[in-house]
Amino acid sequence: GKDSACMLHLARKAFYPAPPPFPLPLLGVMVFPAVASHLVGTRAAIAWTAVSLLVGVGGMGEVLCVWDPVLQREVALKVGHADLMHNAGLRDRFIEEARIQARLQHPNLVPVHDMGVMPDGRPWFTMDIIRGESFHDVIARVQAASTQEWSSSSDGWSLHRMVSVLAQACRAVGFAHGLGVVHRDLKPPNVFIARSDDAEIV
């Protein structure tokens, strides 16, 4: 269905020596922006506008597509699950994930732009928003079109074309391995394909 438009108000400033003297709205709930956790420094949050409420959900958090008024662009906002507020180990893992991803500068890896802590204590970070489809969906369409031998899907995906996507994914994984980073959850649903100038970018 169509993405529902709504306002997602979160408080954010680069530094808060103390909470402001007025409350800020968070989906109808009045909250004060808190000083960020020592794990992330003092970076708390700003008023993001939700373009679509939910892009995806993972084991550590959920991802929203939002408009960042500071960067003046759409970004993917990953917010830790509520359980992270009460589990220091999980919170540390979430933050370390963001920091590791931020260090991996490669054309086939999604860059991290910013990170911090929500007023309710949940850690967050922002990334590029990627529009396209998962490798899993592409494989499923080619498999459905292939019976006795490999065939192309109705939208032009073939075995050769899928191998070129896999090669890009392997280059990204090889780059990460060279820096001592292992993905640990590498699978077709986690490989995303976007188009740029009639070429597939993984």
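Visitor: How much of the protein chain is buried?
Guide: Buried residues make up 36% of the 202 residues in the protein chain. Buried means under 20% relative accessible area, exposed over 50%, and partly exposed in between, with a 1.4 Å probe and protein chains only.

Visitor: What sort of model is this, and how are the residues numbered?
Guide: This is a predicted model, in which local features need pLDDT of at least 70 and side-chain atom pairs count only at pLDDT 80 or more, while totals for chains, interfaces and linings use all residues. Residues are numbered from 1 along each chain as its sequence is written, and side-chain values use heavy atoms, with hydrogens and water left out.

Visitor: How many helices and strands are there?
Guide: The protein chain has 3 helices and 10 strands. Both are DSSP runs numbered from the N terminus: helices are H or I with at least four residues, strands are E with at least two. Along the sequence, the pattern reads β-β-β-β-β-α-β-β-β-α-α-β-β.

Visitor: And the accessible surface, what does it come to?
Guide: About 11800 Å², of which 59% belongs to carbon and sulfur atoms. Such areas come from the Shrake-Rupley method with a 1.4 Å probe; for residues, only the protein chains shown count as cover.

Visitor: Turning to the sheet, in which order do β8, β9 and β10 stand?
Guide: The order is β8-β9-β10, an open sheet of 3 strands with antiparallel pairing. β8 (133–134) and β10 (199–201) are at the edges with a single partner strand each, so one side of each has no neighbour in the sheet. Two strands pair if DSSP finds at least two bridges between them.

Visitor: How many bridges link β9 and β10?
Guide: There are 3 bridges, in the antiparallel sense. In one of them, A194 is partnered by I201 in β10.

Visitor: What lies across those two strands?
Guide: Helix α3 (residues 159–178) lies across β9 and β10, running at about 40° to β10. Axes are lines fitted to C-alpha atoms, for helices over the stretch in contact, and angles run from 0 to 180 degrees between N-to-C directions.

Visitor: How do α2 and α3 pack?
Guide: Helix α2 (residues 135–145) packs against α3 at an angle of about 160°, with the axes 11 Å apart. The two are therefore roughly antiparallel, a term for angles over 145 degrees. Their crossing is left-handed, that is, the near helix is turned anticlockwise from the far one by less than a right angle.

Visitor: Which residues meet there?
Guide: F135, V138, I139 and V142 in α2 meet M162, V165 and L166 in α3. Contact means heavy atoms within 4.5 Å.

Visitor: Is V142 buried or exposed?
Guide: V142 is buried, at 0% relative accessibility. Not counting residues up to four places away in sequence, V142 touches W150, S151, S153, W157, S158 and M162. V142 and S158 are 16 residues apart in sequence, with their C-alpha atoms 6.6 Å apart.

Visitor: And R103, buried or exposed?
Guide: R103 is exposed, with a relative accessible area of 51%. R103 belongs to helix α1 (residues 88–103). Between R103 and A176 the C-alpha distance is 9.6 Å, across 73 residues in sequence.

Methods
Parallel < 35°, antiparallel > 145°, perpendicular 65-115°, else oblique.
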